[in-house]
Amino acid sequence: MMSLATRSGAFSPYLQATNSAVAGPLKPLIPGVIMKTDKLSSVLDTKKPFLCREYLYGQSAKSGHAVSVSLSARSSVRFVHTDIKIPDFSDYRRPEVLDPKKSSQDSGNTRWAFSYLITGSTAVVGVNAAKTVVTQFVSSMNIPEGKNMTFKWRGKPLFVQHRTEKEIASEADVNLAELRDPQHDRDRVQNPTWIIVIGVCTHLGCVPIANAGDYGGYYCPCHGSHYDASGRIRKGPAPLNLEVPYYEFPDNDMVIVG
Amino acid sequence: MVSSMWRISGAVNRALARAGYPLLLSLRRGQASVSYAQSLLGAPETQLTTLSNGFRIASEETNQATCTVGLCIDCGSRYESEKNNGAGFFLEHMAFKGTKKHPQSALEHAVESMGAHLSAYTSRERTAYYMKTLAKDLPKAVELLAEVVQSSSLSEADIEQQRSVVLRELEEVQGSLQDVCLDLLHATAFQGTPLGHSVLGPSANARILTRNDLVEYINSHYKAPRMVLATAGGVNHDELVALAKQHFSGVSFEYEGDAVPVLSPCRFTGSEIRMRDDAMPLAHIAIAVEGAGAASPDIVPLMVANSIIGCYDITFGGGKHLSSRLARLAAELNLCHSFQAFHSSYSDTGLLGIYFVTDKHKIEDMMHWAQNAWMNLCTTVTESDVARAKNALKASLVGQLNGTTPVCDDIGRHLLNYGRRIPLAEWDARIEAVTPRIVRDVCSKYIYDKCPAVSAVGPIEQLPDYNRMRSAMYWLRF
């Protein structure tokens, strides 16, 4: 086995290299690098022709191969894989595995249990949060004042109208003697702000149009029945008021019909 | 009674052989081969003697003209610190550079004139110096081994010269990517612990280790209770004991300041290390979980489990008829160039894993199927898989011991790990006791839902993210 000293004959100018900066493949090395030996000689003379691949051997075996610089391959400062130091991850370790002299098997079960507990709880909380958000967006009773919303309820249209103060007041003042089917407004609603009626015309079963007609309520286009804001028949062929289904308000934001 | 039967059969065999009737050695006359059952019982018992200083001598006497004499020492890179990591390896290089009585040329002459082979190896927990020689040269062999270990000259000039040799060897090892990959696997799996040290040691240490470091290493670790002189071949045990008394009685058994080095457990960390280099043609990847120590009862089920996965090389001719399922897939889907299931066990821990070499576009598939094989072991391994693996394992255990050197190594290893030589019949019984349920339970204990350590070298862009490999360590379907 040839010794390093004899093989490095051609590279005697570079023999004193110990530590060197590494250049990229096409950038020349700047002379003036950190040297550990007493004799200073320039590591790489940039005026000399730059060979394809150069190895910087040390003269004594103590310095050895520190750097490889080449145009064609990568530049590296690592000599062998055993020089790779695995970093110290103590800052990120759980306390049970901080001590390198303790087997990690002992704490294995507790660490596993903790991880799965956190994962499981986060999943449960996350699902609940998602459900809340979704329900908030999907089933919000956000009907603006004066507007009517139609829902399909047991196969029939259900009108839910958010009445304005004016409408409430005017409906309450209607003279019952004028009505074909006399009913006071307060007998038809539980909460005067909300009128909930089944949107089927009592004449021949068409669906009236909301916020239409001469009385500020509903208008059935089939035969011209006019209903008021309380769903009572005022003009036209229909004989009865719009049907009020059974409903209840469990709280102010929710109504259950049926 | 069984042991006496062994000795009798051994004696009968020897008598028959000496009388010149080798064919009569087999109990079934007319057949020259030996059945499996006979091979279990045919080996003579290993005889063990301990000297007063704790030095152990073990030998298996078979009727041969040659023998292997080995000195196994319970020390290795696991006993080294960051500062002197690589001292054992360096010392191994210095071992044959001459002793106080035999300078290098005299040592070489002595060995070569006998026609003997003298060599050594260092591993993480064991160092061994062994000599393969003719049985009649046993006294000289023991003398030389004793000198090499106890009175190596360790001259400064030789040390300086060996430095460059060690550095050159370190550089050459970079070409053996299997060694690099498995070294990195240990470094990351046992990070921060002595088992993470490579046997070779860092190049910085190779440059600054001094004679004092080597002498200190010898004084701390080359102690009689940690040494075993193992011999296999045509060697008489009593003769060997006499020689050992003559040469090894002087080995010290006391430590300076009573500082007995005690091995503390080594923490395993599920982690990964990626050494990417797209210029390399093939990727070398190893994935491992923490395995069982040598003395653990789970060793045999894990060996059976590894036999189920087996090994494969692209040169295997079996193709889709290979017995291991992973090997069949590797052949049919062209998944890899080679793979092997391994279990490196140390005294109290181990690494149970699969190492494979593959093309850069097949890494993800190969990793998927390798972990699938592990899951199969933990969940659905069948009676036929286990039966086949048990047979393969038994055959390989018996077949490995085909020469004095493997037997000598076996003796040394067993004595250092278990304190006694475990006979083949006992291994056979322990293997026979393994059932699919035991394989499933043991594998689940070590593999299922555990964090693996992964090391990868080469063009490894396709290697999945660690979290995905971690997720493949359990099945949601199960």
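This is a predicted model: local features need pLDDT of at least 70, side-chain atom pairs count only at pLDDT 80 or more; totals for chains, interfaces and linings use all residues.
Ala, Val, Leu, Ile, Met, Phe, Trp, Tyr, Cys and Pro count as nonpolar, Asp, Glu, Lys and Arg as charged, and the others, Gly among them, as polar.

Rolling a probe the size of a water molecule over the atoms shows where empty space is left. A search of the whole structure turned up two cavities of 30 Å³ or more. The second largest cavity holds about 40 Å³ of space. Its lining is built from B:Leu91, B:Ala95, B:Tyr129, B:Val148, B:Val149, B:Ser152, B:Ile218 and B:Tyr222. Seven of these lining residues are nonpolar, one is polar and none is charged.

The next topic is the arrangement of chain B. The domain assignment divides this chain into domain 1, covering residues 45-249, and domain 2, covering residues 272-472. Between the C-alpha centres of these two domains of chain B the distance is 29 Å. In chain B, 40 residues of domain 1 and 35 residues of domain 2 take part in the contact. About 2,900 Å² of area is buried between the two domains of chain B, and carbon and sulfur atoms give 71% of it. On the side of domain 1 of chain B, three residues stand out: B:Leu177, B:Cys181 and B:Leu185 supply 19% of the area that this domain buries against domain 2, more than any other three residues.

Polar and charged groups also take part where the two domains of chain B meet. Here the count is 11 residue pairs in polar contact, with both residues at pLDDT 80 or more. Two salt bridges are counted between domain 1 and domain 2 of chain B. Elsewhere in the description of chain B, a salt bridge joins the side chains of B:Arg421 and B:Glu60, with 2.7 Å from N to O.

A salt bridge is formed by the side chains of A:Lys85 and B:Glu82, at 3.4 Å from N to O.

Note on methods. Residues are numbered from 1 along each chain as its sequence is written. Chains are lettered from A and ligands numbered from 1 in the order in which they are written. Side-chain values use heavy atoms; hydrogens and water are left out. On a 1 Å grid over the protein atoms alone, a cavity is a set of points where a 1.4 Å probe fits but cannot get out, and a pocket is an open set with protein on both sides within 12 Å along at least five of seven lines; lining residues have an atom within 4 Å of a point. Grid points are joined across faces, edges and corners, and a volume is the space filled by probe spheres set on the points. Domain bounds come from an automatic or database domain assignment. Contact means heavy atoms within 4.5 Å. Buried area is the accessible area (1.4 Å probe) that two parts lose on being put together, summed over both. A salt bridge is a side-chain nitrogen of Lys or Arg within 4 Å of a carboxyl oxygen of Asp or Glu. A polar contact is a pair of N or O atoms within 3.5 Å; within protein, one must be able to donate a hydrogen and the other to accept it, and residues adjacent in sequence count only if both atoms are side-chain atoms.
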